[in-house]
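Please study the sequence and the model before reading each solution.

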Amino acid sequence: MINAGLKSQYIEEFKVGIADWKVTAAPHHIITLGLGSCVGIVLLDIKARVGGMVHIMLPDSNQFRNANNPAKFADTGIALLLKETMKIGARKGSIIAKIAGGAQMFKGYNSSLLNIGERNVNKTREVLEGFGIPLVSEDTGGHVGRTLILQNDTQKVFVRTIGNMLKEL
């Protein structure tokens, strides 16, 4: 039974692909799957009830000639996500970050050159710090893929790894 005094709200779930991004306000959700060495970055303004997510693949756009997709790289993807999140009402001083991913998917390769996951996480931290955005929680590293979920209705972020329950970040 629906209370006639309350409006029913439809919650839409937006999917973020690899080298992709989305922003939305409450009550909607954003989800990204397949975070191996990639990093999912959530920017969230709890007071304004808006947030966004980017699924980056590589740390630094300056190392590539073809860097025309800003969501592909930590340096340009975070800048894009910050700008777009602020367009829908986030205030820079109120934004926090949560991240997941950055796994070392090929066990036995300990070269920092080959460990793209660790490089993605390090660059993500560096860029967030440069923007003055506090990184309040993360689930990074290891050897497992992850799913990252932003629930703007509850202002919570969850991560799931293969074979494990949903965990709040």
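This is a predicted model: local features need pLDDT of at least 70, side-chain atom pairs count only at pLDDT 80 or more; totals for chains, interfaces and linings use all residues.

Residues are numbered from 1 along each chain as its sequence is written, and side-chain values use heavy atoms, with hydrogens and water left out.

**Exercise 1. Describe the open sheet and the helices packed on it.**

Step 1. Helices (H or I, at least four residues) and strands (E, at least two) are DSSP runs, numbered from the N terminus. Two strands pair if DSSP finds at least two bridges between them.
Step 2. The open sheet has 5 strands in the order 2-5-4-6-7, with mixed pairing. Its edges are strand 2 (20–25) and strand 7 (135–140), each of which pairs on one side only.
Step 3. Strand 4 (residues 39–45) pairs with strand 6 (residues 95–101) in the antiparallel sense over 7 bridges, and G40 stands opposite A100 in strand 6.
Step 4. Helix 1 (residues 74–87) packs on the sheet and touches strand 2, strand 4, strand 5 (50–56) and strand 6. Helix 2 (residues 116–131) also packs on the sheet, touching strand 4, strand 5, strand 6 and strand 7.

**Exercise 2. Examine strand 8: which strands does it pair with, and is it mostly covered or uncovered?**

Step 1. Strand 8 (residues 146–151) pairs with strand 3 (residues 29–35) in the antiparallel sense over 5 bridges; T32 stands opposite L148.
Step 2. Strand 8 is also joined to strand 9 (residues 156–161) by 6 bridges, and these two strands run antiparallel. Here I149 stands opposite F158.
Step 3. The hairpin of strand 8 and strand 9 has 4 residues between the strands, and Q155 takes a positive phi near 60°.
Step 4. Strand 8 is mostly covered, with 6 of its 6 residues buried; buried means under 20% relative accessible area, exposed over 50%, and partly exposed in between (1.4 Å probe, protein chains only).
Step 5. R146, L148 and L150 point one way, whereas T147, I149 and Q151 point the other way.

Key:
Contact means heavy atoms within 4.5 Å. Axes are lines fitted to C-alpha atoms, for helices over the stretch in contact, and angles run from 0 to 180 degrees between N-to-C directions.
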